[in-house]
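This report describes a strand pairing and a set of charged side-chain contacts. The sequence and structure are shown first.

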Amino acid sequence: MVEKTAPDDVRVVRTGGSKINYRRPLFSVDCRYLLCASGDLVKVYSTATDECVHVLQGHKNLVTGIQLNPRNHLQLYSASLDGTIRLWDFTDGILIKTFVVDFKLLALYTSAADEKSIFAVIPTDNDEASGNFQLVSINLPKSTDQEVEVKDLTVILDDVHQSPKSIAFGREGQYVASVKSLELRVLFFKKRKYYRFPLSIKDRKGANNVFTCVACHPKEDCIATGHRDGKIRLWRKFNHKQEYTYSTQHWHHDAVNDLIFSAEGTSLLSGGVESVLVQWRYGSETKKDFLPRLGGAIEHIATSPDGALHCTCHSDNKIITIQSNLTVSAIIQGLVKGQEVLTGLMFDPKSKALVLNGKPGHLQFYSLQTDKQLYNLDIVQKEYIHQSGLNQTQVVKAAFDCQGMWLVTVEERKEETTDLELQMKFWAYNEEKQ
């Protein structure tokens with residue numbers, strides 16, 4: 001959307017469409033709100049209505065992490081590449097304080113064992129191009145000022161991965177686990193004990209052991225790690241270098257994108273490209289439950305403090321809230337970024353929505369007024385197969401008539417050994433079904 005400010009001047013105005021799947025969302029303690037990073041904003045959704053009730057605006061760059069304030073669960077910390085940590089009252093949408101760190105902040109964590117500090121991943125020497133990152137503890141000074149400069153940073157771990165899913169705090173903050181490449185590292189804070197657990201690149205069966213994510217049991221000394229080959233390892237007795245053990249579970253056929261323990265630690269949730277949420281019973285991991293056909297690949301998984309709700313973030317810019325019995329409760333759908341916008345941008349006169357390519361084989365109708373997707377129209381009406389190298393049917397052209405009563409679409413499919421397949425379809429607006 002553009003605004004004219006002068007005869008020869010055009011000013012671009014952002015109206016929505018940012019990612020809502022960039023980082024793991026958070027539930028409020030009472031489960032009334034779901035909070036997620038979205039570009040340089042934080043969006044607050046009601047779990048009762050699925051509507052965005054507040055937008056926390058103030059960061060000047062990408063928001064890279066959000067965490068509830070351990071000392072006040074009605075407040076939220078957010079970190080950004082702009083080098084600031086901001087404290088919000090998210091129930092009223094009010095900025096309380098800004099902490100200026102002057103380091104690019106790539107991930108954010110809190111610990112129940114240290115409520116005075118907050119933890120973040122920063123580039124070593126503030127040089128992101130070097131590819132070297134550190135986990136640091138940040139002491140947030142007490143001050144009545146609206147903006148406070150932070151100088152007290154303590155390095156906890158060197159040479160960590162920049163992904164937030166590569167670090168987790170365990171047993172109420174007694175230790176921190178970090179995974180990178182083929183190594184798990186565990187640091188116990190009180191004992192100041194530090195252990196490394198390397199894996200070989202491939203085992204005897206040819207598996208790929210590279211770590212992709214880590215989660216810690218909330219009450220017991222158990223660390224769960226996800227791997228590139230789809231395996232999950234459960235590590236125990238890791239407070240003794242020589243006595244550690246791990247068991248291996250395998251269901252995912254591709255990399256484990258995320259995993260998290262439930263609030264009480266009774267189950268472990270995992271997800272990946274298969275678009276299936278897997279719930280493993282802790283202590284009897286051979287028993288597992290599935291929630292399949294969730295759409296795009298699962299990127300992040302979150303669970304509520306009371307265990308009543310879970311949510312999954314998907315590659316098609318979608319958040320699904322799920323009840324504890326693994327039934328879908330609601331879907332929050334953002335603007336879907338397809339591989340190409342072959343149809344160009346269109347305007348639907350009926351719904352006043354922006355229309356463009358979305359999910360493969362679909363057109364998405366997106367409201368710029370409410371910053372949410374109204375609906376998907378399945379043009380191709382074929383099951384999409386998540387496999388690289390396949391020639392899928394694509395929607396390449398579309399147009400509305402002036403009243404929005406008719407829509408015409410063109411779809412094509414090209415095989416190397418056959419001629420180009422083209423189909424034109426005419427869609428009539430049905431007043432009764434809308």
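## A strand hairpin

Strand 18 (residues 183–188) and strand 19 (residues 193–198) run antiparallel and are joined by six bridges. Two strands count as paired if DSSP finds at least two bridges between them. Strands (E, at least two residues) are DSSP runs, numbered from the N terminus.

Four residues lie between strand 18 and strand 19 in this hairpin, and R192 in the turn has a positive phi of about 55°. Within the pairing, L184 is placed opposite F197 of strand 19.

## Basis of the description

The model is predicted: local features need pLDDT of at least 70, side-chain atom pairs count only at pLDDT 80 or more, and totals for chains, interfaces and linings use all residues. Residues are numbered from 1 along each chain as its sequence is written, and side-chain values use heavy atoms, with hydrogens and water left out.

## Salt bridges

Side chains of opposite charge can pair when their charged atoms come close. A salt bridge is defined here as a side-chain nitrogen of Lys or Arg within 4 Å of a carboxyl oxygen of Asp or Glu. By this rule the model contains 13 salt bridges.

One of these joins K372 to E51, with the closest N and O atoms 3.0 Å apart. This pair links distant parts of the chain, 321 residues apart: K372 belongs to strand 35 (residues 372–378), while E51 sits in the loop between strand 5 (41–46) and strand 6 (52–57). K372 is partly exposed, at 29% relative accessible area, and E51 is partly exposed at 37%. In this scheme buried means under 20% relative accessible area, exposed means over 50%, and partly exposed lies in between (1.4 Å probe, protein chains only).

## Contacts between loops

D221 forms a salt bridge with R171, the closest N and O atoms being 2.5 Å apart. The two residues are 50 residues apart in the chain: D221 is in the loop between strand 20 (211–216) and strand 21 (223–227), and R171 is in the loop between strand 16 (167–170) and strand 17 (175–180). D221 has a relative accessible area of 27% and is partly exposed; R171, at 28%, is also classed as partly exposed.

A further salt bridge connects the side chains of K219 and E264, at 2.5 Å from N to O. K219 lies in the loop between strand 20 and strand 21, whereas E264 lies in the loop between strand 24 (256–261) and strand 25 (267–272), 45 residues apart. K219 is partly exposed at 46% relative accessibility, and E264 is partly exposed at 47%.
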